Amino acid sequence: MPVTDVQQDLDNLTLTITADFAAPVQRIWQIYADPRQLEKVWGPPTYPATVVDHDFTPGGRVTYFMTGPEGDKHAGYWQITTVDEPTSFSFDDGFADLEFNPIPGMPVSKNVFTFTEHDGGTRATYVSTYESAEALQQVLDMGVVEGATLSINQIDDLVAS
Amino acid sequence: MAEQDEDRADALFHALADRTRRDIMRRVLGGEYSVSALAANYDMSFAAVQKHVAVLEKAGLLTKRRSGREQLASGDVEAVRSVACMLTELEQVWRGRIARIDELLTSDTDQEN
């Protein structure tokens, strides 16, 4: 697995995941800059994603929907805040109706993706921050979770506490 | 690990190894729910939900009290450290995305060869 580190910041409701990929930074950037590649990696196999709008510029929006096993559609959007090709971009990720209007009252997470050259490949850092524990719960209730299982480390922590 | 800790670990693993039970935990950590209110959220019988609640209770993750004819369940925040659990679930989503990026990159290499 390319994931090399996971940090949970419980006070700031932030998840930071580091992964090393065996490809140049420019290649990793392409995945996000190309809607056809982005949709391949964004949704789980059971909820494949379709990217509709893809204005990958500051102030622009990327919109997508995910299609469930029963044809149910779940839409979301990225409101792009910064783009620094090919090393980083940031965006707010939220839930939308099927016309891609943000759904009021639904949680929005702040995300910063960073890509740096590392050992001939790319080190990617994904930082995702939620507004509140309630927001986090809402996100999980919306069924974002794919095959969620508590990691063994997590349970060890619970037992040790 | 002492025998008692091993038993507790077994109970926790078992309790949290089920999606419905994790979902029940998220709800009861937010406040007290009657078992019938919980049952309304799932496509399963009241008795089945009651069994799930009993497993969580046995693992010490939630407590139950009786109020009139209702059984009210609430989560033990200390026991479960809910935010940690939720972030861990999200971590699985991200791990899935990262694994798919890796697959996509592998298919690049395959095409080159």
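At what angle do H1(A) and H2(A) pack, and how far apart are their axes? The first point answers this.

1. **Helix pair.** H1(A) and H2(A) pack at an angle of about 90°, with their axes 5 Å apart. Axes here are lines fitted to C-alpha atoms, for helices over the stretch in contact, and angles run from 0 to 180 degrees between N-to-C directions. The two helices are therefore roughly perpendicular (65 to 115 degrees; under 35 is roughly parallel, over 145 roughly antiparallel, the rest oblique). H1(A) brings Gln30(A), Ile31(A) and Tyr32(A) to the contact, and H2(A) brings Gln37(A), Leu38(A) and Val41(A). Four of these residues are nonpolar, two are polar and none is charged (Ala, Val, Leu, Ile, Met, Phe, Trp, Tyr, Cys and Pro count as nonpolar, Asp, Glu, Lys and Arg as charged, the others, Gly among them, as polar).

2. **Basis.** This is a predicted model: local features need pLDDT of at least 70, side-chain atom pairs count only at pLDDT 80 or more, and totals for chains, interfaces and linings use all residues. Residues are numbered from 1 along each chain as its sequence is written, while chains are lettered from A and ligands numbered from 1 in the order in which they are written.

3. **Layout of chain A.** Chain A has four helices and eight strands. These are DSSP runs, numbered from the N terminus (helices H or I, at least four residues; strands E, at least two). From the N terminus, the order is β-β-α-α-β-β-β-β-β-β-α-α. Of the 161 residues in chain A, 21% are buried (20 or more other C-beta atoms within 10 Å of a residue's own, C-beta atoms being placed from the backbone; exposed means 12 or fewer, partly exposed in between).

4. **Largest core.** The largest nonpolar core holds 25 residues. Such a core is a set of buried Ala, Val, Leu, Ile, Met, Phe, Trp, Tyr and Cys residues joined through C-beta atoms within 7 Å. Ala19(A), Phe21(A) and Ile101(B) are among the members that touch the most others. H6(B) gives the largest share, five residues. A second, separate core has 16 residues, including Ile24(B) and Tyr33(B).

5. **Strands.** E6(A) and E7(A) run antiparallel, joined by seven bridges (strands pair if DSSP finds at least two bridges between them). Asp93(A) has Ser109(A) of E7(A) as its bridge partner. E7(A) and E8(A) also run antiparallel, with nine bridges. Lys110(A) stands opposite Thr129(A) in E8(A). E7(A) and E8(A) form a hairpin with two residues between them, and Asp119(A) in the turn has a positive phi of about 50°.

Key:
Contact = placed C-beta atoms within 7 Å.
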